[in-house]
Amino acid sequence: MTSSADTPASGAVVGARAELIAAAAKGPLGLGRFPTVDDGAHAASVLILFGRLDTEPSDAEAITVPADLDVLLQRRAATLSSHPGQISFPGGRRETADADPIATALREAQEETGLDPAGVEILATLPEIPLAASNHLVTPVLAWWHSPSRVAAVDHAETVDVFRVPVATLLDPANRFTSTLARIGRTFRGPAFDLDGTIVWGFTAMVLDGLFDAAGWTLPWDQSDERPIAL
């Protein structure tokens, strides 16, 4: 692929946007690795928002994706009781007024990052993923940022940083490793990304990993490179 254009003169949907739509159509994206939650789990949504970087394309070789393709991530506040300090997608628990998981994802993203939902095109909703650590059933909402708006951390009690990451940087094999986390006598392993010392792991990394595989973007990386996660 040499261009991230999503609609050429012919009117056909092509490029990264089309590949994301096709990836979502494949279903659960191999994400059956998550432990189950109980019957009282809370409904939640996250927004997986792809777009084009305005001024900071990746310096990684964009072999499978355009250098300006990016995804929106944020860093959670270290004081939160659930997943403190972790890199995550914008999102949160469903509220009564939310019409559906899409409404939840857009509302939460606007509250956390200040983005304008009018500039977001929803591509698909993925199957619910159980998140046992916080007892949530999370619906990933896949979206395309056709008109990017300014984003920043709105409520520092919840989010301390908001940033757009080049997808090519995430895909660079030099930035990938297997995270290990020892808990209750077991060691949990999963995909992770090292962005100059900022570690993306856990739920967010597993969803990105599954989506990249389904889109056909993944480059071979050393899964035997295991590094412990310090909480």
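How many helices and strands are there in the protein? There are four helices and twelve strands, taken as DSSP runs (H or I, at least four residues, for helices; E, at least two, for strands) numbered from the N terminus.

The model is predicted: local features need pLDDT of at least 70, side-chain atom pairs count only at pLDDT 80 or more, and totals for chains, interfaces and linings use all residues. Residues are numbered from 1 along each chain as its sequence is written, and side-chain values use heavy atoms, with hydrogens and water left out.

Display the whole chain. Of its 231 residues, 51% count as buried, that is, under 20% relative accessible area with a 1.4 Å probe, protein chains only.

Next, select helix α2, residues 101-113. At 1.5 Å a residue, times one less than the number of residues, its 13 residues should span 18 Å, which agrees with the 18 Å between its end C-alpha atoms. Buried residues here include L106, A109 and T113. The buried residues of α2 pack against β1 (42-52), β2 (69-76), β4 (91-93), β5 (120-125), β7 (136-145) and β8 (159-166), with contact meaning heavy atoms within 4.5 Å. At the start of α2, a side-chain oxygen of D100 lies within 3.2 Å of the backbone nitrogen of I102. Just after α2, G114 has a positive phi of about 80°.

Finally, select α1 (residues 15-24) and α4 (residues 202-215), whose axes, lines fitted to C-alpha atoms over the stretch in contact, come within 8 Å and cross at roughly 105°. The two helices are therefore roughly perpendicular (65 to 115 degrees, on a scale from 0 to 180 between N-to-C directions). Here E19, L20 and A23 of α1 meet L211, A214 and A215 of α4.

Note on methods: Angles under 35 degrees count as roughly parallel, over 145 as roughly antiparallel, 65 to 115 as roughly perpendicular and the rest as oblique. Buried means under 20% relative accessible area, exposed over 50%, partly exposed in between (1.4 Å probe, protein chains only). A polar contact is a pair of N or O atoms within 3.5 Å; within protein, one must be able to donate a hydrogen and the other to accept it, and residues adjacent in sequence count only if both atoms are side-chain atoms.
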